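Subject: Handover of a structure

Hello,

Here is the structure I said I would pass on. My notes on it follow below.

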Amino acid sequence: MDHHCLWINNCVGYWNYKAFFVFVFYATTASIYSTIIFMSCVFQKDWDPIKGSSLKIFYVLYGTMVVGLTITLLTLFGWHVYLILHNMTTIEYYEGNRAKWLAMRSGQSYRHPFNIGAYKNITLVLGPNMLKWLCPTAVSHLKDGVSFPTLRDNS
């Protein structure tokens, strides 16, 4: 298990992480698109003849909401891109910070053992075929979920 996600009301883990990541990607893309469409409408609108303030209030509230959602989704998406590039779960990230701190205290260095390079890390999550990376149901590349390649396997 990686974590429990309130957005999908489910635990995110090995078997559904790709679907979760693709969901966040599509939601982020849609939110960016909505923000761009909204901004273009705002800048094209002739605001002088509008006497009532209800439409202006709607625009301000919607703009605040869509920009806030876009920033939130961009942050979430960026975080998960970082995690995939380093082949970590959210829990492993926090455990790795603790391990790194303990190693520094004892004069040693720490490197996450499952980080085998950015491209290989991406293919472990999204699959080897780039054409299927954005298809959430293309999961034939997933193995048993018990053993994973490590740095030691590659050296």
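Is Asp2 buried or exposed? Asp2 is buried, because its relative accessible area is 2%, where buried means under 20% relative accessible area, exposed over 50% and partly exposed in between, taken with a 1.4 Å probe and protein chains only. Asp2 sits in the segment before β1. The C-alpha atoms of Asp2 and Met88 are 8.9 Å apart, although 86 residues separate the two along the chain.

Some notes on the source come next. This is a predicted model, in which local features need pLDDT of at least 70 and side-chain atom pairs count only at pLDDT 80 or more, while totals for chains, interfaces and linings use all residues. Residues are numbered from 1 along each chain as its sequence is written, and side-chain values use heavy atoms, with hydrogens and water left out.

Transmembrane regions

An unreviewed UniProt entry places the feature "transmembrane region" at residues 20–43 and 55–82. UniProt positions are given in the numbering used here, feature names are shortened, and annotations may be inferred rather than shown by experiment. In the model, residues 20–43 are 100% helix and 0% strand, with 34 Å between the end C-alpha atoms. Residues 55–82 are also 100% helix and 0% strand, and there the end C-alpha atoms are 40 Å apart.

The largest pocket holds about 640 Å³ of space. Of its 23 lining residues, Tyr14, Asn87, Leu124, Val125 and Phe148 are the closest to the centre. Two or more lining residues come from each of α1 (17–44), α2 (54–85) and α4 (118–126). The most come from α4, which gives 3. Sorted by class, the lining has 13 nonpolar, 6 polar and 4 charged residues. Here Ala, Val, Leu, Ile, Met, Phe, Trp, Tyr, Cys and Pro count as nonpolar, Asp, Glu, Lys and Arg as charged, and the others, Gly among them, as polar.

For the terms: on a 1 Å grid over the protein atoms alone, where a 1.4 Å probe is used, a pocket is an open set of points with protein on both sides within 12 Å along at least five of seven lines, and lining residues have an atom within 4 Å of a point. Grid points are joined across faces, edges and corners, and a volume is the space filled by probe spheres set on the points.

Nonpolar core

A nonpolar core is a set of buried Ala, Val, Leu, Ile, Met, Phe, Trp, Tyr and Cys residues joined through side-chain atoms within 4.5 Å. The largest one has 15 residues, of which Tyr17, Phe20, Ile84 and Leu126 touch the most other members. The elements giving two or more residues to this core are α1, α2 and α4, and α1 gives the most, with 4 residues.

Lys18, in helix α1, is buried, because its relative accessibility is 3%. Its C-alpha atom is 7.9 Å from that of Val139, which is 121 residues away along the chain.

Loops

Most residues other than glycine have a negative phi. Asn9 lies in the loop between β1 (3–5) and β2 (10–12) and is exposed, at 63% relative accessibility. Trp7 is found in the loop between β1 and β2 and is partly exposed, at 44%.

Asn87 belongs to the loop between α2 and α3 (90–105) and is buried, at 17%. Met88 lies in the loop between α2 and α3 and is buried, at 15%. Met88 and Asn115 are 27 residues apart in sequence, and their C-alpha atoms are 7.6 Å apart.

Cysteines

How many disulfides does the structure hold? It holds 0 disulfides, a disulfide being a pair of cysteine sulfur atoms within 2.5 Å. The closest cysteine sulfur to that of Cys5 is in Cys11, 9.6 Å away, so the two are too far apart for a bond. Cys5 is buried, at 4% relative accessibility, whereas Cys11 is partly exposed, at 35%.

Regards
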